[in-house]
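User: I would like to learn how to read a fold from its coordinates. Can we take it one feature at a time?

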Amino acid sequence: MKNLVNFAAAAALAANGASAHYIFQQLSVDATEFGPFEYIRQNSNYNSPVTELNSNDLRCNVGAEGATTETTDVKAGQAFTFTLDTPVYHQGPISIYMSKAPTTASEYDGSEGWFKIKDFAPDFSSGEAVWDMSDSYSYEIPSCIEDGEYLLRIQSLAIHNPYPSGTPQFYVSCAQVSVTGGSGTYNPETVVIPGAFKETDPGYTANIYSDFTSYIVPGPEPLTC
């Protein structure tokens, strides 16, 4: 019965269209909260998702350019928070990635390697999946990365419309940060975007309404310093 209720709820959300969408629009560093899109690249598709796995828009979202976005200073080990326009509405993991710019973050298109620093995965300890569907997500800049300018990318992979009858949705934003104080001892597993996520990934094809007792978040393992 619970699965039938969940399926009906998912169908209702799908019918609502954009009303169930959301966007990561605001960055905070420690207790300092910046304005919407002050250091986050402004997208041009309102709060709609990216769905094509081979699209460059998977990097930072549709129309999200760096030239008009400022870059903020952060220290390795410092806390940061991404805040949305409305709480996450769809089941699925939240992941945070970084990619070092060859020169400046504002000039960088995100075509180099990306490494993951955090996953917010489902908790099955209660006997069913509990997702962290919040209005903000916080973590720390890894202490072991190199100094330099980076794209700091957050991604919500919404799997409420199970593949292949439905299409998973990526809600993505990139902040531009300049990191100092890192040890430079890291050796991350990097991936390219697009290319990091495939139609055969168990975390992409998972059906949350049928025998859903475990979950593997797509992408590489998060960096550990």
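User: What share of the 225 residues of the protein counts as buried?

Analyst: Burial is a matter of cut-off: a residue is buried when its relative accessible area is under 20%. In this predicted model, 49% of the 225 residues count as buried.

User: And what is the accessible surface of the protein?

Analyst: About 10200 Å². Carbon and sulfur atoms account for 47% of that surface.

User: Which elements make up the protein, and in what order do they run?

Analyst: Count first, then read along the chain. There are three helices and nine strands. Starting at the N terminus, the order is α-β-β-α-β-β-β-β-β-β-β-α.

User: How do I judge how compact the protein is?

Analyst: Compare the radius of gyration with the globule rule. Here the radius is 17 Å, close to the 17 Å that the rule gives for 225 residues, so the protein is as compact as a globular protein of that length. For the outline, look at the C-alpha trace: along the principal axes it spans about 55 × 35 × 35 Å.

User: What part of the contacts joins residues at least 24 apart?

Analyst: Start with contacts between residues at least 6 apart in sequence. Of these, 77% join residues at least 24 apart.

User: In which sense does S9 pair with S3, parallel or antiparallel?

Analyst: Check the strand directions, then the bridges. S9, residues 169-180, pairs with S3 in the parallel sense over four bridges.

User: Why is S9 described as largely enclosed?

Analyst: Go back to burial and count along the strand. In S9, 11 of the 12 residues are buried, so the rest of the structure largely encloses this strand.

Terms used
Residues are numbered from 1 along each chain as its sequence is written. This is a predicted model: local features need pLDDT of at least 70, side-chain atom pairs count only at pLDDT 80 or more; totals for chains, interfaces and linings use all residues. Side-chain values use heavy atoms; hydrogens and water are left out. Two strands pair if DSSP finds at least two bridges between them. Helices (H or I, at least four residues) and strands (E, at least two) are DSSP runs, numbered from the N terminus. Buried means under 20% relative accessible area, exposed over 50%, partly exposed in between (1.4 Å probe, protein chains only). The radius of gyration is taken over C-alpha atoms; the globule rule is 2.2 Å times the number of residues to the power 0.38. Contact means heavy atoms within 4.5 Å. Accessible areas come from the Shrake-Rupley method with a 1.4 Å probe; for residues, only the protein chains shown count as cover.
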